[in-house]
Amino acid sequence: MRAVPSPEEFLGFRIGDDRKLADWPEIVGYFSRVAASSDRVKLEELGRSTEGSPFILATVSSPENLRRLEELRGIQMRLCDPDGVEPEEAKRLVARGKTVVLITCSIHSTEVGGSQMSMGLLHRLATGDDDEVGEILENTILLLVPSLNPDGNRLVCDWYRRYLGTKYEGTSPPMVYHRYAGHDNNRDWFMFALQETRLTVEKVHNVWHPQIVYDIHQMGQKGPRFYVPPYIDPIDPNVDPVLVSGTSFMGLTMADALATAGKAGVNTHWEFDGWTPARAYQHYHGGIRILSEAASADVASPVEIRAEELEGERGFKPLEARWNHVMPWGGGRWSLRDIVDYEFIAAMALLGNAAKHRERWLRGSLEIGRRALNPPGGPYAFVVPKKQADHGAARELLEVLGMGAVRLFEAEESFTADGVEYPEGCVVVPVAQPYGRFAKTMLERQVYPDLRKNPGDPPEVPYDVTAQTLGLQMGVDVVPVRDRFECKLAPLVLNGKIGSVHGAGKPWYLFPSELLASTRVANMFLGVGFRLFRAQGWEEVGEGELKPGAFILESGEGTEKVMGEAVNLGVDFYGVDELPDVAFEVVKPRVGVYKAWLPNADEGWLRMVLEEYGFEFQSLTPQDVRQGGLAGRVDVLILPDLGRDQIVDGLKAVKGADPMRYEEVYRMGLGEEGTRAVLEFLGEGGSVIALNKASGYAIKDLMVAAENPLEGLKEQEFYIPGSILRVTLDETHPIAYGYPREAAVYFISGPAFKVKEGYEVAKYPEANPLLSGWILGEKQLRGLAAVADLPVGRGRVVLFGFPPHFRNQARGTFRMLFNAIYYCSSGV
Ligand SMILES: [Zn+2]
């Protein structure tokens with residue numbers, strides 16, 4: 001074998017050197033070179049990223065362990081699912097197994113330290129012949145993912161190099177660093193919408209169920225130098241207690257290693273909680289989640305920070321020593337080298353703990369696994385009834401659970417549960433199973449604890465959102481069952497329903513408005529030039545009825561061929577002789593999506609959802625809008641979730657960003673010129689759909705006849721950081737086509753509307769609308785509109801008080817957005 005080169009020999013510079021970054025091809029090159037030269041490292045390409053970069057995993061252990069990897073994996077699987085494991089076998093498993101550790105780097109691509117450091121860590125483990133390395137190799141299996149977002153690494157490196165040596169050096173790119181999700185790419189750990197998440201879950205997590213998962217991040221420049229757990233409350237009660245204590249044990253081990261290495265400014269038990277599964281797949285699959293957050297430099301350029309510039313937040317006092325912040329950092333130079341050093345020490349301490357306390361981690365797995373098989377408290381199971389408004393959405397929900405390693409069963413007979421009768425064919429999800437906690441947290445309604453000491457205090461804010469209930473988010477009926485019941489069950493085989501064509505050969509075909517798949521189908525037909533309409537009222541078909549807004553297809557040459565593809569998506573067609581009453585003709589919409597010069601994750605998710613459902617669109621930059629003549633290019637302009645000031649002023653309105661550090665092209669927002677162009681567009685019959693906070697722009701700058709009574713309220717008076725709320729809908733309005741009278745929406749710090757002139761499409765009820773999560777000041781919402789349709793000029797503005805496509809998760813409200821697009825572009 002060839003000698004293992006050091007990163008310096010391979011790259012020509014030391015990791016962490018000022019103004020030096022290894023890019024993705026270089027990192028992959030280094031990993032390949034080490035794997036080719038070391039019998040301690042095995043390298044695999046797990047697949048390709050969203051934009052086609054290799055997505056790689058290195059498995060690092062002793063040569064002996066790597067030779068018996070399958071056997072060791074078998075032991076690990078048995079520990080995690082210890083059904084029928086007797087005490088003697090348990091002893092043997094613990095004696096022979098290894099601690100499995102997954103380290104993932106730089107999911108947030110401007111947080112460059114992790115990926116750079118990973119090469120140093122690989123080198124140390126591949127070449128060290130001391131006791132520390134020997135013990136780690138002997139007792140652990142390290143799964144090392146040098147980047148969870150290789151596309152972002154490329155984008156950030158290109159951006160950094162482009163401006164190196166100029167006055168624009170060291171900034172973050174003013175666009176999302178993951179094609180669709182940007183910074184939200186680590187909020188996808190239960191929906192698995194992104195290719196990178198799916199690769200990691202299917203090919204790493206579910207293959208190994210690591211006991212320890214370490215995810216390496218960076219934060220702002222002026223807070224603590226480094227953060228590791230313990231987490232603050234609240235922690236989701238579905239996270240096993242052994243994971244909660246293991247997290248603190250590990251976090252403090254790492255903090256202690258940094259202190260004994262003389263590293264100052266390390267902070268624990270601060271800011272970060274353990275509430276949402278969106279960031280923590282492992283919390284429901286037997287693994288602790290260790291998060292580290294290093295203070296950032298200017299990407300790879302060093303910064304100088306004076307002591308008085310350091311900022312305290314949420315109880316952190318930069319210059320005061322505390323039990324959870326033992327050695328304050330007094331300011332000075334801070335560079336990528338510091339970040340890489342802290343992270344390397346932390347990673348080695350983590351691996352050292354995993355190796356030294358191997359038995360503890362393995363016994364922990366057994367204990368967690370046993371408790372999963374005999375969970376304390378209820379419910380006993382969840383039932384997903386066979387009859388659903390949208391069977392395709394129900395199937396997607398079950399696919400999410402299946403991806404989360406949840407075992408799903410089909411009732412082979414009718415049964416009674418909690419006094420309710422269910423027919424055969426319903427899906428049963430028992431909670432007592434190895435990963436039943438994942439099912440439970442995803443299917444139950446969240447009750448977020450109000451941690452304030454006094455009712456009038458400002459809210460103790462969660463780190464992220466407070467609700468995830470999948471059934472509500474996806475518009476799928478899911479029933480928790482408290483008591484045990486008897487029913488013959490068989491493992492569920494997930495087959496998509498194939499639709500059928502009733503009454504072939506007719507001049508018109510109806511298909512339902514309540515299916516998500518119908519939008520794909522509608523866009524398929526529009527794409528090849530068929531005429532489509534939406535029905536005005538209820539339509540009788542065969543034995544049943546279609547809700548208002550059913551799609552009507554005019555038959556023509558080749559209809560059967562397209563219908564033949566469409567039925568595979570589960571859509572039924574009903575042939576009729578007469579054209580029903582038509583609300584409007586659906587034309588192929590010309591959609592523009594506003595793309596501000598700043599990284600807006602919501603804009604990325606919006607593009608993703610539009611693409612997935614077959615909408616064509618163009619991204620419009622501030623320059624594109626300011627140029628005017630919008631009506632010649634688009635029918636509908638969608639403003640993704642973004643604050644009013646950021647829409648108008650761009651980067652200038654972003655806290656901490658300095659537009660003068662960017663080329664002029666990136667400095668602008670819509671400005672007055674852009675707003676004039678949008679008003680002109682509305683005057684000419686164009687439409688604007690404003691999502692969530694962007695509604696503030698429509699209200700203020702487009703002068704629509706609505707106001708937001710929530711504006712200006714203090715957090716003590718009104719606060720919803722991400723919860724699921726109930727709305728009532730006018731199901732005859734084209735934006736609400738296909739919905740029942742009541743639906744759930746994902747509310748996240750949004751507005752709500754008092755409409756002066758126009759239609760209230762969806763409204764909050766006169767009672768507490770909370771379905772899942774947390775609400776403070778619910779009275780403020782009573783009777784306000786959640787979706788409003790407002791005429792402006794010859795066009796219209798549609799306001800959404802929530803992001804209907806939220807993180808590609810809130811699938812139950814996608815159709816409101818799609819309906820709005822069809823409605824707005826129809827010109828009615
Ligand atoms: Zn991060």
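A residue counts as buried when its relative accessible area is under 20%, as exposed when that area is over 50%, and as partly exposed in between (1.4 Å probe, protein chains only). By this rule both His108 and Glu111 are buried. The model is predicted, so to speak of local features a pLDDT of at least 70 is needed, side-chain atom pairs count only at pLDDT 80 or more, and totals for chains, interfaces and linings use all residues. Residues are numbered from 1 along each chain as its sequence is written, and side-chain values use heavy atoms, with hydrogens and water left out.

His108 and Glu111 meet again at the zinc ion, which is coordinated by His108 (ND1), Glu111 (OE), Glu111 (OE) and His217 (ND1), at 2.1 to 2.6 Å. Donors here are N, O and S atoms within 2.8 Å of the metal (3.2 Å for Na, K and Ca); water is not among the atoms, so sites may look incomplete. Along the sequence, the donor residues follow the spacing H-x2-E-x105-H. The angles among the four donor atoms run from 54 to 150 degrees, and the site is irregular.

Next come the aromatic rings. Rings of Phe, Tyr and Trp (its six-membered ring) pair if their centres lie within 6.5 Å; planes under 30 degrees apart count as stacked, over 60 as edge-to-face and the rest as tilted. The count comes to 42 aromatic pairs. In one of them, Phe272 and Tyr463 have ring centres 4.8 Å apart and planes at 50 degrees, so this pair is tilted. The two residues lie 191 residues apart, and the pair links distant parts of the chain. Phe272 is buried, with a relative accessible area of 4%, whereas Tyr463 is partly exposed at 27%. For Phe415 and Phe485, the ring centres are 5.1 Å apart and the planes at 10 degrees, so the pair is stacked. One aromatic cluster includes Phe511, Phe525, Tyr613 and Tyr822.

Terms used. Four donors count as tetrahedral if all angles lie between 85 and 135 degrees; four count as square planar and six as octahedral if opposite donors are over 155 degrees apart and all others between 65 and 115; anything else is irregular. Helices (H or I, at least four residues) and strands (E, at least two) are DSSP runs, numbered from the N terminus.
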